Amino acid sequence: MTGKGFRLSYITGKSEEISCNSDQFHCSNGKCIPESWKCNTMDECGDNSDEEFCVQANPSATFSFQPCAFNQFPCLSRYTRVYTCLPETLKCDGSIDCQDLGDEIDCDVPTCGEWLRNFYGSFSSPNYPDFYPPGSDCTWLIDTGDHRKVILRFMDFKLDGTGYGDYVKVYDGLDENPHRLLRVLTAFDSRSPVAVVSSSGQLRVHFYADKINAARGFNVTYQVDGFCLPWEIPCGGNWGCYTEQQRCDGYWHCPNGRDEVNCSTCQEDEFPCSRNGACYPHSDRCNYQNRCPNGSDEKNCFFCQPGNFHCKNNRCVFESWVCDAQDDCGDGSDEESCPVIVPTRVITAAVIGSLICGLLLVIALGCTCKLYSLRMFERRSFETQLSRVEAELLRREAPPSYGQLIAQGLIPPVEDFPVCSGNQLAPRLVKQLDTHSNW
């Protein structure tokens with residue numbers, strides 16, 4: 001029979017000390033414990049005096065010991081994690097002060113968004129880099145007045161991660177046309193930078209947030225393709241731009257590699273893998289074969305080597321991988337507009353399987369024919385020997401029957417056999433056999 005066992009607890013601290021240090025808490029029973037142990041929902045004193053008069057962390061807790069004035073409201077501060085009373089003027093001011101967003105929920109929708117008409121610029125979510133207000137609904141219209149493409153870069157992007165409630169939609173053009181939707185960004189795209197390119201000089205950016213939670217938001221820059229910002233350096237021609245921080249970092253930010261030229265002791269037709277790193281020739285760039293330890297020779301591939309496919313996300317994969325029902329690019333661009341319904345790998349596997357099955361069938365037929373020929377040979381050999389034996393047996397005369405032997409007087413009839421005992425029968429049989437053998 002087994003018992004219920006036992007539960008052991010212990011208390012740390014000094015049991016008989018009258019006064020405590022400045023960084024300690026003096027329990028009602030005289031013990032001293034670290035000040036950080038107070039109000040941690042654990043009874044370290046032993047008399048629960050370290051957990052008395054503590055502010056509850058539950059938002060639904062009562063505040064009888066600290067009531068708020070008529071022009072104040074209780075709030076769990078985002079910064080101190082302690083309940084306090086805030087003035088009513090902080091409600092719906094566009095700035096989140098409470099951890100549960102209670103001061104910004106059920107507020108009027110904040111006004112945001114604008115019409116942008118420059119060759120370049122930037123915009124961000126409301127209150128960025130602070131949390132955007134719940135219920136935000138903003139639209140930015142970008143019209144550069146230029147026919148060239150617009151490059152939209154989300155330099156920082158962080159939406160609410162509780163689901164699909166908050167999103168950013170980017171449209172190709174100024175209208176909210178679902179057929180011209182370029183990208184939908186949610187909390188699952190919280191990485192930077194995220195780039196979206198239009199087909200003309202116009203874009204529409206729509207940001208929507210639900211009234212449940214919020215996050216840091218985003219910061220966006222835009223520019224006409226080929227137009228460099230004041231703090232950027234042109235790559236030459238219409239090949240884009242790069243910043244001083246991107247100079248000699250081992251990664252190509254210009255399609256022609258101008259930002260990585262003369263960065264180390266590499267030869268004229270070579271490029272460094274990183275700052276003061278190993279060198280690689282131009283022929284080893286963007287061929288889906290990592291030459292650099294950090295893989296910089298396969299990043300930002302605006303052009304691919306012959307025999308490789310250029311993905312929309314500036315990656316290079318083998319051309320044989322295109323339309324094989326496998327997303328090798330990572331963005332599905334190698335499987336778009338594929339004329340072959342059946343994947344190439346499936347067709348190849350089917351052909352190889354058919355060849356193998358045909359080969360096995362030929363081998364099986366050959367083995368069957370060989371076994372049949374061996375069987376027939378053995379049968380013919382057996383039949384030839386048996387016919388000879390039968391022929392010899394047929395040429396022999398049959399032995400005389402019992403009646404013929406009696407008629408010829410070779411053996412007496414049955415009734416002529418003498419009657420004798422068992423002791424006399426054996427010598428007589430032997431004698432008769434000797435007589436017949438002399439015949």
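A salt bridge here is a side-chain nitrogen of Lys or Arg within 4 Å of a carboxyl oxygen of Asp or Glu. The exercises below use a predicted model.

**Exercise 1. How far apart are the closest N and O atoms of Arg148 and Asp146, and is each residue buried or partly exposed?**

Step 1. Check the distance. The closest N and O atoms of Arg148 and Asp146 are 3.1 Å apart. The cut-off is 4 Å, so the pair counts as a salt bridge.

Step 2. Check the cover. Asp146 has a relative accessible area of 16%. Buried means under 20%, so Asp146 is buried. Arg148 has 28% and is partly exposed.

**Exercise 2. Which parts of the chain does the salt bridge of Asp156 and Arg216 link?**

Step 1. Confirm the contact. The side chains meet at 3.0 Å, N to O.

Step 2. Asp156 sits in strand 8 (residues 150-158), and Arg216 in the loop between strand 12 and strand 13 (217-224). They are 60 residues apart, so the pair links distant parts of the chain.

Step 3. Asp156 is buried at 18%. Arg216 is partly exposed at 31%.

**Exercise 3. Where are Glu336 and Lys312, and how exposed is each?**

Step 1. Confirm the salt bridge. The closest N and O atoms of Glu336 and Lys312 are 2.9 Å apart.

Step 2. Glu336 is in the loop between strand 19 and helix 1. Lys312 is in the loop between strand 18 (308-310) and strand 19. The separation is 24 residues.

Step 3. Glu336 is partly exposed at 38%. Lys312, at 62%, is exposed.

Step 4. The whole structure holds seven salt bridges.

**Exercise 4. Which residues does Asp334 touch, and is Asp334 buried or exposed?**

Step 1. Locate the residue. Asp334 lies in the loop between strand 19 (316-318) and helix 1 (344-395).

Step 2. Read its accessibility. The relative accessible area is 0%, so Asp334 is buried.

Step 3. List neighbours. Leaving out residues up to four places away in sequence, Asp334 touches Phe309, Trp321, Val322, Cys323, Gln326, Asp327, Asp328 and Cys329.

Step 4. A polar side-chain atom of Asp334 lies 3.1 Å from the backbone nitrogen of Asp328.

**Exercise 5. What is the strand order of the five-stranded open sheet, and which are its edge strands?**

Step 1. Read the order. The order is 5-7-12-9-10, with mixed pairing.

Step 2. Find the edges. Strand 5 (115-116) and strand 10 (181-185) each pair on one side only.

Step 3. Inspect one pairing. Strand 9 (residues 167-172) and strand 12 (residues 202-208) run antiparallel, joined by six bridges. Tyr171 stands opposite Arg204 in strand 12.

Terms used
Residues are numbered from 1 along each chain as its sequence is written. This is a predicted model: local features need pLDDT of at least 70, side-chain atom pairs count only at pLDDT 80 or more; totals for chains, interfaces and linings use all residues. Side-chain values use heavy atoms; hydrogens and water are left out. Two strands pair if DSSP finds at least two bridges between them. Helices (H or I, at least four residues) and strands (E, at least two) are DSSP runs, numbered from the N terminus. Buried means under 20% relative accessible area, exposed over 50%, partly exposed in between (1.4 Å probe, protein chains only). A polar contact is a pair of N or O atoms within 3.5 Å; within protein, one must be able to donate a hydrogen and the other to accept it, and residues adjacent in sequence count only if both atoms are side-chain atoms. Contact means heavy atoms within 4.5 Å.
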